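Let's take a walk through this one together, going from a metal site to the core and then to the charged pairs. Have the viewer open as you read.

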Amino acid sequence: MAEDAIKRKNDLLTLRVHNKENLKSCGYRLICHVMEEYEKERDMLKAYVNEILHSIFFLGIIYSDRITPGEFMSAARAESLRQEFPEPFDKYKSHPPKRTPFSILLDMMVRKHHTEDKVMEELRSLLEKLKFPHPLKKAGVKTQNWFTLESTVICVCSRDHLPSKTYFGASLTCCTKEARTIMIHNSCIYTWHKHVSYVVMSYKVGGKSDSDMPKLKFPKSITCQAYLRNWNTNTYDKVEPCLNCQRMFSLPGNNEKSYPIGNCAETECLSKLLSDDQITEKSVIIDNFDVSDFNKLKEQAKQELKSDLAIFCNQMFCHIGYP
Ligand SMILES: [Zn+2]
C-alpha cells in the first residue's frame with residue numbers, strides 16, 4: 001500500500017477512536033450532571049433521568065463505532081444506575097427516544113429557571129463546567145468532526161399576549177447525516193406538533209419543491225430568536241433564521257444561507273409553542289394542509305425510520321410508531 005494511503009487509513013482510525021472517546025466522555029459528564037440534579041429532587045426528576053439515559057444510550061448505538069451503556073461509565077456505576085433506572089437499559093435497543101439528550105436537559109433547566117435570561121445564563125455556566133468538545137468541523141478537513149452531545153443552536157420564542165412564558169428549542173446535536181435523519185424522522189413521528197411535522201416531512205420525506213411546500217404563517221405577535229454558542233467567549237450570539245426556516249415558518253430575515261433541517265432550533269421551540277398554546281395554534285395559518293397527505297407522509301417516515309434503524313443500528317426496532 002502506498003505510504004499516503006497508509007497514512008490516510010491511520011488518520012481515519014485515529015479520528016474514529018477520537019470521536020468515540022468524545023461521545024463517551026460527553027455522555028458520562030452529562031449523566032454525572034443529571035444524577036447530581038436528581039439527588040436534589042428525586043421525585044420531580046425521575047422521568048427526566050429515565051428519558052435522558054434512554055436518549056444517550058440510543059445515540060451510543062447509531063454511529064458506526066457503537067458504545068454500549070456500560071462503556072459510558074464503570075461497570076459498578078452502570079450496575080447501580082441499572083438498579084435504579086432499569087427502563088432505559090431495556091429500551092434503548094428497541095424504542096427510539098423522542099428527543100435528544102440536550103433537548104431534555106434544556107427542559108430540565110426551563111422547569112427550574114423559567115426566564116430566558118436565567119436559562120441562558122445557567123446554560124452557559126453548565127457548559128463551562130461540562131467542557132464538551134466544540135462541535136465544529138476543522139476548516140479544510142471534511143472528516144474532522146467532534147462528536148458531542150451539545151446543541152450548537154438554541155432558539156427562544158414567546159407571544160405578546162403572554163410574554164412571561166417562553167419556549168425553548170435546541171438543534172438536534174447529531175454528528176452524521178444518517179443520525180440526524182433518524183432523529184428528524186423520530187421527531188416528526190413522535191414529538192413535534194403536527195403542523196411543524198407536516199411542513200418538515202413535506203420537505204424531508206415528500207421531497208416537495210419550494211412552491212408546493214406547505215408553510216406555516218405565525219401571527220406577528222410571535223417573537224422567535226435563535227442563538228449560536230460562541231465557544232471563544234462562552235456567550236450566545238443572536239442569529240437570523242436561515243432561508244429554510246424563513247420559508248417553512250414565514251419568519252422575517254435576510255439570511256440567504258439554508259441549513260439542513262435539524263441544524264436549526266426554530267423547529268423545536270415553535271412546535272412547543274403550538275402544542276402548548278391553543279390561541280396561537282388557532283391563529284396560525286397553514287397553507288396546503290391535507291390530512292390524507294399528512295398521514296401518508298407519516299407512514300412513509302415510519303418506514304424510512306425502521307429501515308434506517310435496521311441499517312445503522314444493526315438492530316430491528318419493533319416499536320416504531322408506539323404512542
Ligand atoms: Zn433554519
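What follows is a short tour of a predicted model.

Start at the metal. Which residues hold the zinc ion? Its protein donors are the SG atoms of Cys 242, Cys 245 and Cys 264, sitting 2.2 to 2.3 Å from the ion. Read along the chain, these donors follow the spacing C-x2-C-x18-C. Cys 245 belongs to helix H9 (residues 243–249), while Cys 264 is in the loop between H9 and helix H10 (266–276), so this pair, 19 residues apart, links distant parts of the chain. Cys 245 and Cys 264 are both buried.

Now for the greasy part. In soluble globular proteins, nonpolar side chains tend to be buried together. Here, the largest nonpolar core has 93 residues, and the ones touching the most other members are Ile 31, Phe 57, Ile 154, Leu 216 and Phe 249. Helix H2 (residues 42–61) gives the most to this core, contributing 10 residues. At least three residues of the core come from each of domain 1 (1–119) and domain 2 (151–323).

On to the charges. How many salt bridges does a search of the whole structure find? The count is 18. One of them joins the side chains of Glu 21 and Lys 24, at 3.3 Å from N to O. Both residues lie in helix H1 (residues 3–40), three residues apart, or about one turn of the helix.

A second bridge pairs Arg 229 with Glu 150, with 2.9 Å between N and O. This one links distant parts of the chain: Arg 229 is in strand E4 (residues 222–230), and Glu 150, 79 residues apart from it, is in the loop between helix H6 (116–130) and strand E1 (153–159). Both Arg 229 and Glu 150 are buried.

Finally, look at Arg 99, which forms a salt bridge with Asp 107, their closest N and O atoms being 2.6 Å apart. Arg 99 has a relative accessible area of 14%, so this residue is buried too.

Notes:
Residues are numbered from 1 along each chain as its sequence is written. This is a predicted model: local features need pLDDT of at least 70, side-chain atom pairs count only at pLDDT 80 or more; totals for chains, interfaces and linings use all residues. Side-chain values use heavy atoms; hydrogens and water are left out. Donors are N, O and S atoms within 2.8 Å of the metal (3.2 Å for Na, K and Ca); water is not among the atoms, so sites may look incomplete. Helices (H or I, at least four residues) and strands (E, at least two) are DSSP runs, numbered from the N terminus. Buried means under 20% relative accessible area, exposed over 50%, partly exposed in between (1.4 Å probe, protein chains only). A nonpolar core is a set of buried Ala, Val, Leu, Ile, Met, Phe, Trp, Tyr and Cys residues joined through side-chain atoms within 4.5 Å. Domain bounds come from an automatic or database domain assignment. A salt bridge is a side-chain nitrogen of Lys or Arg within 4 Å of a carboxyl oxygen of Asp or Glu.
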